Amino acid sequence: MTVNMTKGQAISLEKSDGGTLTAVRMGLGWQAAKRRGLFGSRTREIDLDASAVLFAGKEPQDVVFFQHLVSNDGSIRHTGDNLVGGVGQGGDDEAILVDLARVPVHIDQIVFTVNSFTGQTFQEVQNAFCRIVDETNGQELARYTLDGGGDYTAQIMAKVHRVGSGWKMTALGNPANGRTFQDLLPAIITHL
C-alpha cells in the first residue's frame with residue numbers, strides 16, 4: 001500500500017511483514033507543462049536531473065548523478081539521464097537505486113534532489129513526483145508529489161536517514177535554485 005506523503009512527513013522504511021528493506025529505488029517522473037501561445041498549446045522539453053548526495057554528519061562524502069552514475073562504494077546507482085521527461089507516461093523518467101545494506105556505516109543520510117539543468121523553472125513542469133519503491137518486489141511504498149508552478153529551478157525532494165539499525169524517509173519538497181547538485185549544497189545542509 002502506497003503512502004501519499006506530505007511535506008515534512010517521515011515514514012519508516014520497513015517491509016509490510018516488519019522486516020527491514022534492503023534495496024529501494026527513488027524514482028522521479030515529470031512532464032513539460034503545456035503553454036498556450038499564438039498558435040495553440042505547445043510544450044518545451046524539460047531536462048530535470050535526479051541526484052543523491054551521501055552525507056556523514058553534515059559533510060558530503062559522495063554523490064550520484066548523471067555524470068557519476070555509481071557511488072564510489074557501489075551501493076547507489078543512477079539508471080541514466082533523461083533529457084525530456086514524460087517518457088514513462090506516469091512511470092519513472094530517472095531512478096536512483098539504493099542498496100541500503102551496502103551503504104557504508106559512516107553514511108547516515110542520503111538526500112535526493114531534482115534540478116533543472118537547463119534553468120527552466122517549475123512553472124514549466126507538471127505531474128512531477130518522487131517515489132520510493134521496494135526494489136526486491138516492485139511495491140511502491142511512498143509517493144511525494146512535487147508541487148509545480150514555482151519560480152525556482154530545483155527542489156530538495158527527500159532524505160533517507162538512519163534511525164537505529166533501520167532507515168526512515170522524510171519528504172522535504174523544499175524549493176531551491178540551482179542547475180546542479182553543487183548549487184544546492186548550502187540549501188541541503190539546512191535539512192540535515
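Author: Start with a cut-off: exposed means over 50% relative accessible area, and buried means under 20%. The model is predicted.

Reader: Why is N127 called exposed?

Author: N127 has 53% relative accessibility. The cut-off for exposed is over 50%. Therefore N127 counts as exposed. The residue sits in strand β11. Its C-alpha atom is 7.5 Å from that of G29, although 98 residues separate N127 and G29 along the chain.

Reader: What makes T113 buried?

Author: T113 has 0% relative accessibility. Buried means under 20%, so T113 counts as buried. T113 belongs to strand β10.

Reader: Which residues is T113 in contact with, leaving aside neighbours within four places in sequence?

Author: They are D49, A50, S51, Q155, I156, M157, F181, L184 and I188.

Reader: Why is E140 called buried?

Author: The relative accessible area of E140 is 14%. The limit is under 20%, so E140 is buried. E140 is placed in strand β12. From E140 to R25 the sequence distance is 115 residues, and the C-alpha to C-alpha distance is 9.1 Å.

Reader: Is G166 buried or exposed, and why?

Author: Buried, because its relative accessible area is 15% and the cut-off is under 20%. G166 lies in strand β14. T22 is 144 residues away from G166 in sequence, yet 9.6 Å away in space, C-alpha to C-alpha.

Reader: Where does T121 lie?

Author: T121 is in the loop between β10 and β11.

Reader: What makes T121 count as buried?

Author: T121 has 13% relative accessibility. That falls under 20%, so T121 counts as buried. Beyond residues up to four places away in sequence, T121 touches G150, D151, Y152 and T153.

Reader: How many helices and strands does the protein have?

Author: One helix and 14 strands. The protein has 192 residues, and 51% of them are buried.

Reader: What share of the contacts with a separation of 6 or more comes from residues 24 or more positions apart?

Author: The share is 68%.

Reader: Which residues touch the most other members of the largest nonpolar core?

Author: M26, V98, I110, F112 and M157 do, in a core of 35 residues. The elements that give two or more residues to this core are β3, β6, β9, β10, β11, β12, β13 and β14. Another core lies apart from it, with twelve residues, including F65, A176, L184 and I188.

Reader: What is M26 in contact with, leaving aside its neighbours within four places in sequence?

Author: M26 is in contact with E94, A95, I96, F112, C130, R131, I132, M157, A158 and M169.

Reader: How many cavities of 30 Å³ or more does the structure hold?

Author: One. The largest cavity has about 40 Å³ of space. That volume is set against the limit of 30 Å³ or more.

Reader: Which residues line the largest cavity?

Author: The lining consists of D49, S51, F65, F66, N115, F117, R179, T180 and F181. Four are nonpolar, three polar and two charged.

Reader: How do you know where empty space is left?

Author: Rolling a probe the size of a water molecule over the atoms shows where empty space is left.

Reader: Where is confidence lowest, and where is it highest?

Author: Strand β5, residues 40-42, is lowest, at a mean of 51. Strand β7, residues 59-64, is highest, at 97. The mean pLDDT of the protein is 80, and 76% of its residues reach 70 or more.

How values were computed: Residues numbered from 1 in each chain as written. Predicted model: local features only at pLDDT ≥ 70, side-chain atom pairs only at ≥ 80, totals over all residues. Heavy atoms only, no water. Core = buried A, V, L, I, M, F, W, Y, C linked by side-chain atoms within 4.5 Å. Buried < 20%, exposed > 50% of the residue type's maximum accessible area, 1.4 Å probe, protein only. Helix = DSSP H or I, 4+ residues; strand = E, 2+ residues; numbered from the N terminus. Contact = heavy atoms within 4.5 Å. pLDDT = per-residue confidence, 0-100. 1 Å grid on protein atoms, 1.4 Å probe; cavity = no way out; pocket = protein on both sides within 12 Å on 5 of 7 lines; lining within 4 Å. Points joined across faces, edges and corners; volume = space filled by probe spheres on them. Nonpolar A, V, L, I, M, F, W, Y, C, P; charged D, E, K, R; others polar.
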